[in-house]
Amino acid sequence: MKQEMSETVSENVVSATSTSNAPDNICPEYGCARALANGSHGDPFSWLGMHLVDAEKKALVVRAVLPGALKVDVLDEKTGKKVASLDPVSGAEPLFVGKMGRRVKPFPYLLQVTYPAAEHTLRDPYAYGSQLNDDDVYLFNEGRQQQAWQFLGANWHQVEDVNGVLFCVWAPNAQSVSLIADFNYWDKRRHSMRKHPASGIWDIFIPELQGLEHYKFAIQTVGGWHEKADPFARAMEPPPHNASIVPVHESWKWRDSQWMKKRAKTVWHQAPVSIYEVHLGSWRRKGADGREYINYQDAVSHLIPYVKEMGFTHVEFMPLSEYPFDGSWGYQPVGMYAPTYRFGDAAGLKMMIDEFHQAGIGVILDWVPAHFPKDPHGLGNFDGTCLYEHQDPRRGSHPDWDTLIYNYGRKEVQTFLLSNACYWLQEFHIDGLRLDAVSSMLYLDYSRKAGEWTPNQFGGRENIEAIDFLKDLNTRLYASYPGIMMIAEESTAWGGVSRDVSGGGLGFGFKWNMGWMHDTLCYLGRDPVHRSYHHHEMTFSMVYAYTEQFILSLSHDEVVHGKRALIEKIPGDDWQKFATLRAYYGFMWAHPGKKLIFMGDEFGQRREWQHDFSLDWHLLQYAPHSQLKQWVADLNKLYVEQPALWLQDMDGSGFAWLDCTDAASSVLAFCRFDGKGKAVVVVSNFTPTVREGYRVGLPHWGQYRESLNSDSAYYGGSNVGNGGVIHSEEQPWQGMSHSAVITLPPLSTVYFTLESE
């Protein structure tokens, strides 16, 4: 080793001897020795390693805890010669101590350790000073650190010319912390960690380590020892062991620069956004019994071409961070920084996202900052105290999900979540985050009865700390990652979810339109003869359509837990079911707001979604299902081609009702405008009755093409229509300067676009 190593050792000596409890003799007193030997010493670096002791005689001493060792020698690394032997301390035998002869100047050394079956020469972790950066630690404690994963957790690190892994964990209230792992036989005595009292971070540098080693942190609290997975682990072992895994020392070479440049310049509110929501564990399965997960390479081979074929602009994955319980679908994550083992490693995930981008498809990830599970290896009671969760159970526990709630007022917790969001956006080039259960973050009384919650400092029900966190999160992410989307699943009428923070909002880019979803699905489930009495369920959304920047969402939540698949919500025979669903999708794709549907909805999955099984792809051999799939693909194609359907989604001038009052006929007619003179006319009929001679207003003179007709035989309909075109008449109607008489097919949506003037 070079001279720099001597300087490192020297710094360690100075640091140790400058503390109030610095060693002043060769062998520690019995209590201290026993604590070092069993890994429970709170300040092991002040004793272990090389130290200058006994200031008058200037003795240089090396101490090491090496369970199972028979003999320990100290070698001069430069010459390889033996300098001294270390002797076991009686009553604390894993602790070895020895004086370095006449040497008083620190020098680079190695430990030659003899075990019953082998001899190893190794570098001493206690020869290295702290590798933490003061600025990083300061920002971490201030809640403003956006790159905390680069020093917390397990990170590849180089000290002079020595490569290794720096392990760091935040556990301010622990009495001691030990790194336990494959490489030390899960013995908490071997690698006790150094505490930084001001920050509460513990660290240790392990030289010459290999990747893929399993590890945890053994944390000593007042109540005893607890083993915890690394909150910042980049990979995790599956249950039941749930160990963290040292990441492989490599970086992905991205090939999506063209996509990233285009994304940075895109204003998504004025762009087509059609999202395909995917649970990767059940989109497809493979194997002889059909129960094996696909991997990321399989997704590249099958999912990407499918999404491309269907014309979706984005795919949204349900959570991909590590979660122990399959039945949580990923919404109870334990490893927030660890891509789940189920589909491959981090490199595989990056490869898949890279391929999506090269195919021109954006990738959105469901992200869960609202709560976390109580699994013993997770964040709960992490250092013997409520570290990540709020201490008061009225604020720290979710009654609905039996999970814990982050303490959003704690700066280090803010850093943990902020850095995690940045991690997915930066390391994986994720194009947007959809935040789950935002409502539960905003309200202190969410799903609680009187007496089960505490008001804020002003006596209100708003969770001010969570609100401030969300505002800061959105502000920072939009500033740091151009072209991303921040999407909120928020189910109440909270004002300004997607309004800029500077304007008093939460700063999200989009909000799921849960009201539209609820109302229209209620309408869809009614018998056509009753729909005229509930016409408002299809029209009411336009009353508030511009209060937020909405995504019309038909998510996984609508096809589980007894709610039935979309196709089975609809009354009538199969012809009516499929015709109605096609008409509904046609209405949805034309309605202001971006689009999202869950996998299987595009071809009429009949059974409820089950996370343990593949979608029923065999249904595509039957015409109604394949024709519905084609209808969705053609909707996406027309949607992208016609700016009127998306350019002014957030502007009232982009929409005009032609007729929203024809409840008796259950007919809805409206126009979409692009603000540049082009329009799309859309008419929906939600009864099985053909409407002959139905006059509809048109914004311009000319010939209009019947661009899409959900009743076409091509899609499985009865083939009622208008021969492909209609011609305007100079008869004002429905507030428009022109009009035409059309035939309106049964249970249909028809699109008309101006072909010529």
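## Barrel, helices and ring pairs

Helix H16 (residues 574-590) lies across strand S16 (274-278), S28 and S29, and runs at about 145° to S29. Helices (H or I, at least four residues) and strands (E, at least two) are DSSP runs numbered from the N terminus, while axes are lines fitted to C-alpha atoms, for helices over the stretch in contact, with angles running from 0 to 180 degrees between N-to-C directions. The model is predicted, and local features need pLDDT of at least 70, side-chain atom pairs count only at pLDDT 80 or more, and totals for chains, interfaces and linings use all residues. Residues are numbered from 1 along each chain as its sequence is written, and side-chain values use heavy atoms, with hydrogens and water left out.

The strands under discussion belong to a barrel, which 8 strands close in the order S16-S19-S22-S25-S26-S27-S28-S29 with parallel pairing. Neighbouring strands of this sheet are turned by 25° against each other on average, direction ignored. Strand S28 (residues 550-554) pairs with strand S29 (residues 594-598) in the parallel sense over 4 bridges, where two strands count as paired if DSSP finds at least two bridges between them. Leu-554 stands opposite Ile-597 in S29.

Which residue of strand S31 pairs with Phe-587 of helix H16?

| Pair | Centre to centre | Angle between planes | Class |
|---|---|---|---|
| Phe-232 and Phe-416 | 5.3 Å | 90° | edge-to-face |
| Phe-587 and Phe-670 | 6.0 Å | 85° | edge-to-face |

Phe-232 lies in the loop between strand S14 (224-228) and strand S15 (244-245) and Phe-416 lies in helix H9, so this pair ties together parts that are 184 residues apart in sequence. Phe-232 is buried, with a relative accessible area of 3%, and Phe-416 counts as buried at 1% relative accessibility; buried means under 20% relative accessible area, exposed over 50%, and partly exposed in between (1.4 Å probe, protein chains only). Phe-587 lies in helix H16 and its partner Phe-670 in strand S31 (residues 667-673), so the second pair ties together parts that are 83 residues apart in sequence. Phe-587 and Phe-670 are buried.

In H3, Leu-139, Phe-140, Asn-141 and Glu-142 meet Lys-411, Glu-412 and Thr-415 in H9, contact meaning heavy atoms within 4.5 Å.

Pro-376 is placed in the loop between strand S22 (362-367) and helix H8 (393-396), and counts as exposed at 68% relative accessibility. Leaving aside neighbours within four places in sequence, Pro-376 is in contact with Glu-227 and Lys-228.

For the chain as a whole, the secondary structure comes to 17 helices and 37 strands, and buried residues make up 61% of the 757 residues.

Methods. Rings of Phe, Tyr and Trp (its six-membered ring) pair if their centres lie within 6.5 Å; planes under 30 degrees apart count as stacked, over 60 as edge-to-face and the rest as tilted.
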